[in-house]
Amino acid sequence: MVESQLRARGIHDQRVLDVMARVPRHEFVAEHYRDQAYEDHPLPIGESQTVSQPYIVALMLETLALKPRSKVLEIGTGSGYQTALLGELCAEVISVERHPTLARDAESLLTRLGYGNVKVFVADGSQGLAAFAPYDGIVVSAAAPGIPTPLFEQLREGGRMIIPVGPAEAQELQLVRAHGGKPLVERMEGCRFVPLIGGEKYASSG
Ligand code: SAH
């Protein structure tokens, strides 16, 4: 997976490649899909949600440029796979999931695997989690029609947010940097995520 799907496609951050090699992705997918855990596509994780393709996860992590002392906010814990990777890459991970069952399963798996620097909350992540702000990095794993204002407000000056923006059928990844209190937006490649549910301007079911 690391050589043919990640390095070959241009992921070069050695810290990201190392954690992608180390974190057991098969632990985070349903029993039935374990034999496909390291393949080049997303996989179902229950509640009609998916764990992203490894390349997209690696690209998002590389773009965040996290440091070992960073505090990061993740929206959409899902299986907890990316949460575990974040837990390896930085000091503190605050992760928000709206489905209580996914949050509970991810939390117990992360505890079993020894991730003591990760906290999972059940909430509407389109509002962020102000109690722990500001964040050095914010990663949104569900598609939004635009950049949610509360999330940008919780990003530290100089911090980075990565978020899929666009309509339900297809989005693009956007890198948002907080620069002088304003968002600097860089458009990246196309992608397809499940929708971010919640807040007024988002879909209300799914
Ligand atoms: N990073 C996850 C991907 C999960 S898919 C993984 O590695 O498995 C996206 C997740 O976002 C889903 O679990 C979905 O329930 C969650 N989600 C959607 N809208 C949300 C919201 N407003 N707040 C929190 N989580 C949300």
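Predicted model: local features only at pLDDT ≥ 70, side-chain atom pairs only at ≥ 80, totals over all residues.
**Entry 1: around the ligand.** I started by listing what surrounds the ligand and got 26 residues, with S79, E97, D124, G125 and I197 the closest. Sorted by class, that shell has eleven nonpolar, eleven polar and four charged residues.

**Entry 2: polar atoms.** The side chain of S79 has an N or O atom 2.7 Å from an oxygen atom of the ligand. For G125 I looked at the backbone, where an N or O atom lies 2.7 Å from a ligand nitrogen. I197 also uses its backbone: a polar atom there is 2.4 Å from a nitrogen atom of the ligand.

**Entry 3: the largest pocket.** Which pocket holds the ligand? I found the ligand in the largest one. I noted β2 (49-51), α4 (81-89) and β4 (92-97) as the elements that give two or more residues to the ligand's shell. I got 30 lining residues, and Q49, G76, E97, S141 and V194 lie nearest the centre. β2 gives the most to this lining, with three residues.

**Entry 4: the second largest pocket.** This one has a volume of about 220 Å³. Its lining includes L64, K67, D136 and R156. Strand β7 (residues 155-165) has the largest share of that lining, five residues. By class I wrote down three nonpolar, three polar and six charged residues.

Note on methods:
Residues numbered from 1 in each chain as written. Heavy atoms only, no water. Near = heavy atom within 4 Å. Polar contact = N/O pair within 3.5 Å; in protein donor to acceptor, adjacent residues only side chain to side chain. 1 Å grid on protein atoms, 1.4 Å probe; cavity = no way out; pocket = protein on both sides within 12 Å on 5 of 7 lines; lining within 4 Å. Sits in = over half its atoms within 2 Å of the grid points. Helix = DSSP H or I, 4+ residues; strand = E, 2+ residues; numbered from the N terminus. Nonpolar A, V, L, I, M, F, W, Y, C, P; charged D, E, K, R; others polar. Points joined across faces, edges and corners; volume = space filled by probe spheres on them.
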